[in-house]
Amino acid sequence: PFEQMKAMIDQLLAGEKPATEEAPVDFKIEKGDHVRGTIGAPIMIVEFSDFQCPFCARFHPTMQRVMEEYKGKVSWVYKHFPLDSIHTMARPTAIASECVYEQKGDEGFWKFADEVFSKQDQLSL
């Protein structure tokens, strides 16, 4: 839920330690990563996602709202993680998203991702 993400982000922006016991990961943006928001923002959220995953689809609007409410403070990095054994359309959709990226760049990729997650139940070959 957005409220949980907001609480974590506010805590991090205030310089407080996260409530989790996990150590932060030193993540570097690589060529081919899809970034929404400001590269170098104080907070980077890296999402490993599957276009056919129902939980990923539920999380997507939360991240859209985070990006809207924390402009310049959060960068969102998308990494493909298709679960082929249970989501037969995940990999073909990921490949299609990369085709869109090649033609339209990150703006096209994110527009495609937004559309796929909003109409995930319509994925088919």
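**View 1. The buried residues of helix 2 in a predicted model.** In helix 2, the buried residues are Cys-56, Ala-57, His-60, Thr-62, Met-63, Val-66 and Met-67. Buried means under 20% relative accessible area, exposed means over 50%, and partly exposed lies in between (1.4 Å probe, protein chains only). Helices (H or I, at least four residues) and strands (E, at least two) are DSSP runs, numbered from the N terminus. The buried residues of helix 2 pack against helix 1, strand 1, strand 2, strand 3 and helix 3. Contact means heavy atoms within 4.5 Å. Helix 2 has 16 residues. From first C-alpha to last, helix 2 reaches 24 Å, close to the 22 Å expected at 1.5 Å a residue. That expected span is 1.5 Å times one less than the number of residues.

Two notes apply to every view. This is a predicted model, where local features need pLDDT of at least 70 and side-chain atom pairs count only at pLDDT 80 or more, while totals for chains, interfaces and linings use all residues. Residues are numbered from 1 along each chain as its sequence is written, and side-chain values use heavy atoms, with hydrogens and water left out.

**View 2. The bend in helix 3.** Helix 3 covers residues 90-118 and has 29 residues. Its end C-alpha atoms are only 15 Å apart, short of the 42 Å that a straight helix would reach. Where does helix 3 bend? The bend is at Lys-104, by about 140°. This is the angle between axes fitted to the seven residues ending there and the seven starting there. Buried residues of helix 3 include Ala-90, Ser-97, Trp-110 and Phe-117. The buried residues of this helix pack against strand 1 (34-37), strand 2 (43-49), helix 2 (54-69) and strand 3 (74-80).

**View 3. Glu-47, a buried charge.** Glu-47 lies in strand 2. Glu-47 is buried yet has no salt bridge. A salt bridge is a side-chain nitrogen of Lys or Arg within 4 Å of a carboxyl oxygen of Asp or Glu. Which side chain of opposite charge is nearest to Glu-47? It is Arg-36, 8.4 Å away. Here Lys and Arg count as positive and Asp and Glu as negative; His and the chain ends are not counted. A polar contact of 3.4 Å joins the side chains of Glu-47 and Ser-49. A polar contact is a pair of N or O atoms within 3.5 Å; within protein, one must be able to donate a hydrogen and the other to accept it, and residues adjacent in sequence count only if both atoms are side-chain atoms. Not counting residues up to four places away in sequence, Glu-47 touches Phe-59, Trp-76, Val-77, Tyr-78 and Lys-79.

**View 4. Salt bridges.** How many salt bridges does the structure hold? It holds 6. One of them joins Asp-114 and Arg-36, with the closest N and O atoms 2.7 Å apart. Asp-114 lies in helix 3 and Arg-36 in strand 1, so the pair ties together parts that are 78 residues apart in sequence. Arg-91 forms a salt bridge with Asp-84, the closest N and O atoms being 2.6 Å apart. Arg-91 is partly exposed at 39% relative accessible area, and Asp-84 is partly exposed at 38%.

**View 5. Phe-27 in a loop.** Phe-27 sits in the loop between helix 1 and strand 1. Phe-27 is partly exposed, with a relative accessible area of 23%. Not counting residues up to four places away in sequence, Phe-27 touches Asp-33, Met-44, Val-46, Val-77 and Lys-79.
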